[in-house]
Amino acid sequence: MTETTDAVQLAVPCREFAAYLRGLVTRIDRGTGWFGVFWQRDPEGLRACLDGAEVPPWDVVEALLQDVAARYGPDRAEHESADARTLHRAAVRAHDAVPGGRDALLAHLDAMTREQRHATERRRDLGRLLDSATTYEQAESVRRDLAWVRDDHDRATARIAELRYRLDDVGRAPAEPEPRPETPPHGEAEPAATSKPAKSKKRRPRGSARFAGLDAEVVEAEDRPDRDAPLPAAPATATGARFAGARDEAAPAPRTRRSLDAAAEEEIAATVGTLLELRAAARSGEAHILLVEAANWPAARLPLLAAELHRAGLGADWATLLWEAASLPPARLVDAADALAAAGRGADGDQVLRQGVGRPPEVIGAAVAGLDADGRHREARILLDAYVRTRTPEEAARSALCDPGRLVPLVLDAARAVTDERHRDVLHALRLAGHAA
């Protein structure tokens, strides 16, 4: 088979995926949603993907599937996702297998690592501004910027994971002709889900990181990404009354180093050692993946991990891990905050909880209702208290709308525990929504 024929054969999966993508976009509203955002920001790049000259990152495909869900419902989008995943994986394998494909992946990985590092630095700068904010309005402005920086960081991290998986696949392809498994190897996460479409101002393409983060110099409050991942919230106004006493009710006993088994302690030590090696080699992308994995460990491990990271001079990595832990499911988020507070790291527990409740009110409401229905009343109170303290009265009221009978009393109790003024404001917002007498 000649080189030209090889190239033609390798291009077939790319053409098949492009045809699928063109069919997909004909079934959605191309003037709005994510397609509209991508087309407005980089029409040439999107056209290249539709023509088959390029294969878009997986999170771009997921975003377009969200447009499908918005028009036809989640069941249709889920059905489409299976076909899209199979065709996309075949296309990227063909695209990466051409001469120079590995070098292109390495160059893109380097660019994404820089993007991730820039977002991390920007996030820290904004975190300091948030800590120094003296009014709710100032904090809200910084929070909007933090929301977009978080989006940038999440996208870059997802791309790094996807690119490393593709590099691994390129390396193994000659010795592994059978189909690859549908999930990546342990330690290489699938690309993260993207946020819902959001209108923005002054967005700009990111060069080789096409369709990457949605940078915005100015973003209106309603333009904030509406996503399940946490957005940073304004600082609590009364840190001395942590969680309005919710922790005092059946709070877990303090956990010590001796509560962990030897295997857990060994894994913590090994992880810190690996992080030291990765940082010394400037391999920040791999270090971040390791931190994401550690953020998902059992909550009881977090205090010892914090101590070992600080002892090794990796305090910045602990800050990154806390940020990632804020993405945990609500019940596990509370467990993490509990474990940190019980070990004397109350400030860390406050931080992870405060950041974790920066999710849309509907998400928080559903989580609180689920915890309460499962009999986890203390956890429900902790989560709701943190939300009511750090969000607007209108958002607090909206969190109750998914299950008013259960949640309205809980929201009002949480608001009353903050201040009488907050209680009056939340009560007024609930009345406007038709859910309070």
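**Helix packing and one glutamate**

Analyst: Glu 379 lies in helix α15 (residues 377–390); helices here are DSSP runs of H or I, at least four residues, numbered from the N terminus. This is a predicted model, where local features need pLDDT of at least 70, side-chain atom pairs count only at pLDDT 80 or more, and totals for chains, interfaces and linings use all residues. Residues are numbered from 1 along each chain as its sequence is written, and side-chain values use heavy atoms, with hydrogens and water left out.

User: Is Glu 379 buried or exposed?

Analyst: Glu 379 is buried, because its relative accessible area is 12% (buried means under 20%, exposed over 50%, partly exposed in between, with a 1.4 Å probe and protein chains only).

User: What does Glu 379 touch?

Analyst: Leu 371 and Val 334, leaving out residues up to four places away in sequence. Contact means heavy atoms within 4.5 Å.

User: Now helices α12 and α13: at what angle do they pack?

Analyst: Helix α12 (residues 330–342) and helix α13 (residues 346–356) pack at about 165 degrees, with axes 7 Å apart. Axes are lines fitted to C-alpha atoms, for helices over the stretch in contact, and angles run from 0 to 180 degrees between N-to-C directions. The pair is therefore roughly antiparallel (over 145 degrees; under 35 is roughly parallel, 65 to 115 roughly perpendicular, the rest oblique).

User: Which residues of α12 make that contact?

Analyst: Leu 333, Val 334, Ala 337, Leu 340 and Ala 341. On the α13 side the residues include Val 352 and Leu 353.

User: And α7 with α9, what angle?

Analyst: About 105 degrees, with the axes of α7 (residues 136–172) and α9 (residues 284–295) 10 Å apart. That makes α7 roughly perpendicular to α9.

Terms used. Helices (H or I, at least four residues) and strands (E, at least two) are DSSP runs, numbered from the N terminus.
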